[in-house]
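Hello,

Here is the structure I promised to pass on to you. Have a look at it first, and then read on for what turned up.

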Amino acid sequence: MSVDLSLDYFSLFGLPCRFRLDETALDRAWHALQTETHPDCHAHLPENAQRAAMQEALRINEAYITLKKSVTRARYLLELAGMSPDAINENVVAPEYLFEQLEWREAVQEAREANDVDTLEQLALRLQIQMAGVVTQLAGQLDEQRDLEAAADTVRRLMFLDKLRLGIDNALAALDD
Amino acid sequence: MSLLQIAEPGQSAAPHKHRLAIGIDLGTTNSLVATVRNGIAVCLTDEQGRALMPSVVHYRDGGGIELGFDAMNARVSDPRNTIVSVKRFMGRGLADVTHIEAMPYVFEGIPGMLRLRTVQGSKSPVEISAELLRALRERAEASLGGELTGAVVTVPAYFDDAQRQATRDAARLAGLHVLRLLNEPTAAAVAYGLDNASEGVYAVFDLGGGTFDLSILKLTRGVFEVLSTNGDTSLGGDDFDHRLYCWVLDNARIAPPSAEDARRLQMAARAVKELLTVSEETPFRLRLDSGEEVDLTVTRAAFFEMTRPLVQKTLTPVKRALRDARLSPRDIKGVVMVGGATRMPHIQRAVAEYFGQEPLTNLDPDKVVALGAAMQANALVGNRRENDHWLLLDVIPLSLGLETMGGLSEKIIPRNATLPVARAQEFTTFKDGQTAMSFHVVQGERELVADCRSLARFELRGIPPMAAGVARIRVIFQVDADGLLSVSARETSTGVEASIHVKPSYGLTDDEIAGMLRSSLEHAGDDLTARALREQQVEAERLLEACTQALAADGELLDEAERAAIDALIARLRQLAPGNDATALSDGIAALSRATESFATRRMNRALSTALTGHNIDEL
């Protein structure tokens, strides 16, 4: 029942160590591991056994969350390849993206102030399409070209788009009532 | 060396022994208890065959309490001392409670959780809820004829940490071993899903007496995975009654009612609301103590119109939960309706319109939560059968964060993270030589700390003096399967360990609980307690012996402060051991075990390095 906690997240779930992901396989492996380690499966055992299982369950959930999302999965791959989190975060933004960022922010801000749900939903859709493109680009950089520097750039861009998505979600949530 | 008994996970050490476990739905309006008998979940009834127990507690003048149906009449004759819908007060301060002006109680405005002044003195919502839980426990023990191994108690999915802590405290106070706090919509999904062998994505729409939850779950091969949850912990059937009550006050041209008359009007409002579920119009007739008479007619259309904003309000959490799960109404395979208030036709119509399909109402909306809780309890104590494997993966409903500069909340754990979950965040000092740091833990989605719920404040002291920005303070948030948070912080850069564990303090402190338990046990004093006590005494002796030996052998691994803390706990436990308070003793044992955890680790490390010293790698 015990899980080898020294394994990297991909090996933990028996998945190949790459960016392109079989989501169904990840979900299945996660469910299978949770079936062994979830606190509910140990509630009738002594406290020390419960505590040990808890550590495993925590790690498995952390691993799952990290791999499930494209941004965190890409970051994790870069870290596995030896890049430090600080290097990934380092914010050198290419000028063309800077302009793009400003444009997005203004559009969201405007729609938010105008309580314009339709525009916000359209922006969310446009953003989703753009993110899909960035994710495809990232897959090429990480899985084929193995160009870590370029991938780190793309990850930063994706992080920005992710944050933007959250901003749109929050704006929409504020207009739900 | 004695052999240890090792049990396979999912199986009990004694496979043929059926352990008694119950599920409790502690509701705003009604409470229920259920268990699994011969593989089937059933609600346990009282002597009159009734499964529901009204969540009403009457503190009688001159002592004694009445509960449930027995307390119903006292709602009008003694409204101040007859507490209904106490769930709305759990883990809440005065400022959090809606419609407080229409309530007959005398509140005590103290910081933290509110209290009610009754003829039997000041009562906290935790104590009042414990009375209800105790009655259900006794019903279960009488019905099952044995000692309960444990209970699963349900809570609204959208309950925050303070409300969960309060519920857990109440269960402990009622003498229950809480196996798990289970979210109500998840419990309903288990009962529904296992009954119907369902697969796919479902929404559970749970409108109870005082709370509203909307959970989105994915059911795949025995796994119930909550994708997102949202809700409103002060929206329920009560609010529909209240709207009608206000409408009557506006239309009946009567003087402001006394507490007794107000209660009478509220009860009539509830009855009329229920009648309107089946009829197009209902008379609202009542003679008040004041001599005034209310004689109105309420049509279904008028009632729907006056409560439409409330129905609309349920759709906000629906939209948010769907957005968090990145789903649209079309993706939902079925909508399971839970809670008595979902019987209202305009609620059902609104849900049908929003999701584009008729909601599923084939389970009794009053019982489904208790039945699901019983199934979970049965599984947790190890009673499940060979081919009966299923698992709940639930989430935390509200983000957890820390206050940062400028009164902003920095989110550490985002809402809808699957439980259990732990997250660490590093902070540093901002002044040279700073040796202490204070933290403020909050829960909620808003950016400003002032708009979130404050859960706990704590200080980390003993940081070694260093230049500003050098110290590395690692704060770890951990949320267990009950959705309960614990926080620890330590300084990591120097190896000097200044570590602290906090439990959010909005509920009761362990001492307060121990004190309450002591006073409640005074009335109980039965065999069960005696046996539990004896077990605890044996455990205490064992632990004291182990600690004495360890301190004699490796006492110098501890610094003065640590040693003093452990010595104090040992002294306290020695003092408790011969006494007859099992709970205080159990608390004492737990406290000493916790305090010696890091000592044990250091001893282990020393033992290892001793073993390695003087050997080179080849020899090993």
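How many residues of chain A are in contact with chain B? There are 23 of them, and they meet 26 residues of chain B, where contact asks for C-beta atoms, placed from the backbone, within 7 Å.

Before the rest, a word on the source. This is a predicted model, in which local features need pLDDT of at least 70 and side-chain atom pairs count only at pLDDT 80 or more, while totals for chains, interfaces and linings use all residues. Residues are numbered from 1 along each chain as its sequence is written, and chains are lettered from A and ligands numbered from 1 in the order in which they are written.

Chain A has domain 1 (9-68) and domain 2 (85-174), with bounds from an automatic or database domain assignment. Taken over C-alpha atoms, their centres are 29 Å apart.

Now to a pair of helices (DSSP runs of H or I, at least four residues, numbered from the N terminus). In chain A, the axes of helix 4 (residues 70-80) and helix 8 (residues 148-174) come within 10 Å and cross at roughly 155°; axes are lines fitted to C-alpha atoms over the stretch in contact, with angles from 0 to 180 degrees between N-to-C directions. Helix 4 of chain A and helix 8 of chain A are therefore roughly antiparallel, a label for angles over 145 degrees. Among the residues making this contact are Val71(A) and Leu78(A) of helix 4 and Val155(A) and Met159(A) of helix 8.

Enjoy exploring!

Key: Helices (H or I, at least four residues) and strands (E, at least two) are DSSP runs, numbered from the N terminus. Angles under 35 degrees count as roughly parallel, over 145 as roughly antiparallel, 65 to 115 as roughly perpendicular and the rest as oblique. Two residues are in contact if their C-beta atoms, placed from the backbone, lie within 7 Å.
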